[in-house]
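Visitor: Hi, could you walk me through this model? I'd like to ask things as we go.

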Amino acid sequence: MLVWSRSGRALAWLFGGTLIAVVYGLPLAMIALASFAGQWNSALPSHFTWLHYASAVRGDSAAMLRASLLTGAAASAVALAAGTWAALALRRVAGPSRRLLDLVFFIPSAVPSVSVGLGLLVAFSRPPVLLNGTVAIVLVAHLVLVSAFAYGNVAAGLARLGHDIEQMAASLGARPAYTLRRVTLPLLTPYLLAAFSLSFALSMGELGATIMVYPPGWVTMPVGIFALTDRGDIFHGAAVTILLAAATLVVLAGLSALPAKAAARR
Amino acid sequence: MAAAPASAAGPLLAVPPLLLLAATFFYPLALILHRSLAGAGGLSLAHYAVILGSALFRSALVNTVAIAAAASAGCLLLGLVLALLIAFVPFPGVRLLARVIDTFIALPTFLVALSFTFIYGSAGLLNASLMSVFHLGLPPLDFLYSRWGVILAEITVYTPFVLRPLLASFSLIEAAQIEIASSLGAGAWRIIRQVILPAALPALLAGGSLCLLLTTNEFGIVLFIGAKGVTTLPLLIYDKAIQEFDYTAACVIAVVNVGLSLGLYSLYRFALARVGGAGAGLV
């Protein structure tokens, strides 16, 4: 406790509460309000409607939701597999080569997404591999952009795990593959879920690389929201944004509830 | 042995994920560099001379640096104020509020830019209220469609990245230390200055340099605010490649942008190495 007087504390709370409400509460409230706005000619909407949501769950917007969910799930799954493989392999490397390899797996997180998209356009619009205009180039873009975050979470988990339990399993005669499957991976589960969740959330909100590479039939939600707002359809855009945020948070909440359930069953 | 701390096979085992990363990331980056250097008879810097000298590129570079610096400074200030309140003057429900702010990390960045149109836009909440209260004919505030709009949106979006390591480092300060300082007569400001800030310095460095990197790379907020004349490097790359089909110009700008980002990333890694465990959870 830093402020002891009753009045000082009340003042600090009033200040903090107002600050958080204006900076974080207001944007969320206003975008939610806009998604229901029928007409908005004065300070606040004059009447409300479900129409934006009704059209957001049909047709184009439903296809966007599907594209985003599939892209996020596929890119995060591959990133998780590759990141787990890399983190497990690097655990057996020591010294400067480990630091260098660690840096190599982190670097994609430092490069701006638009440049990642540009690189993919330049690289895969010509032989030997032609991906431009396919769904695959979107998946690759998302895979690259989330890969460092998946690797980072698994590597952090492995660093906390230590080697004791695995060494015990090995000393009791467990083979490496058996130890990996029955000891290491189960212990890692919370970190694997965290890695997948973060990757999925980042992929759902990804705009910079996707807008560079997406083919006409695979419009993700962020790209679709920009198209909507760019042509002035801002209330519809707000409704799709709310759906995007809700879909992301629902998946994250579901994934974070999993380890607790697994622990309860044990 | 599966559990051996280090072995000669380690680097070999890392080859498959390295190959994947090389094919999907390093190969495209190398082609960007190659394309930017392509000349009539081999490699040349001719494209760089043209583009780096153009007014468009220079204004984008100035915008990128100015916006990133101002937004990061704002994130540090707001993050510090919020962290001090949450950690040291806690009120009921504050942990829940901290978690709500934390979820902004999981939300798309353009959400804030879009909601700002409804709050600070020319027909938004603030302008419409001011117009009806003061009987004005025109919206009085138009800062949203300038650098300031982008800066304010980025401060909102990236402050959680400062808040997280700060709260982690504040949790390591012993409450007794503050109570003793307080009972010896030190006021709140003096405790902040002499006890809390020195302990938080590494976290501020790590959070601030991460904000510099993220705001330099930010694309969605700049695109959604869409202010005339507020073009940053990522937006200029998008304009050149997608609107004008000028891949070579886009590649030259991308080389500069990636160079800048990698420089900022090394600054962040350097700062993170000083924080140690307190930076966990950030990449």
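Guide: Happy to! Let's begin with Phe245(B), which takes a positive phi of about 55° just after α12(B). Helices here are DSSP runs of H or I with at least four residues, and strands are E runs of at least two, numbered from the N terminus. This is a predicted model, where local features need pLDDT of at least 70 and side-chain atom pairs count only at pLDDT 80 or more, while totals for chains, interfaces and linings use all residues. Residues are numbered from 1 along each chain as its sequence is written, and chains are lettered from A and ligands numbered from 1 in the order in which they are written.

Visitor: And helix α12 of chain B, is that mostly covered or mostly exposed?

Guide: Mostly covered: 8 of the 11 residues in α12(B), residues 233-243, are buried. Buried means 20 or more other C-beta atoms within 10 Å of a residue's own, exposed means 12 or fewer, and partly exposed is in between, with C-beta atoms placed from the backbone. Among the buried ones are Leu233(B), Ile237(B) and Lys240(B).

Visitor: What does Ile253(B) touch?

Guide: Leaving out residues up to four places away in sequence, Ile253(B) touches Ile51(B), Phe57(B), Leu233(B), Leu236(B), Ile237(B) and Lys240(B). Contact here means C-beta atoms, placed from the backbone, within 7 Å.

Visitor: Which residues touch the most other members of the largest nonpolar core?

Guide: Leu118(A), Ala141(A), Ile237(B) and Ile253(B), out of 164 residues. A nonpolar core is a set of buried Ala, Val, Leu, Ile, Met, Phe, Trp, Tyr and Cys residues joined through C-beta atoms within 7 Å.

Visitor: New topic: how many residues does each chain give to the contact?

Guide: Chain A gives 78 and chain B gives 77. On the chain A side, the largest share is 12 residues from helix α1(A), residues 6-35.

Visitor: At what angle do α6(A) and α2(B) cross?

Guide: Roughly 105°, with the axes of α6(A) (residues 135-161) and α2(B) (residues 15-37) coming within 10 Å. The axes are lines fitted to C-alpha atoms over the stretch in contact, and angles run from 0 to 180 degrees between N-to-C directions. That makes α6(A) roughly perpendicular to α2(B); angles under 35 degrees count as roughly parallel, over 145 as roughly antiparallel, 65 to 115 as roughly perpendicular and the rest as oblique.

Visitor: Which residues make that contact?

Guide: Val140(A), Leu143(A), Val144(A) and Ser147(A) from α6(A) meet Leu21(B), Thr24(B) and Phe25(B) from α2(B).

Key:
Two residues are in contact if their C-beta atoms, placed from the backbone, lie within 7 Å.
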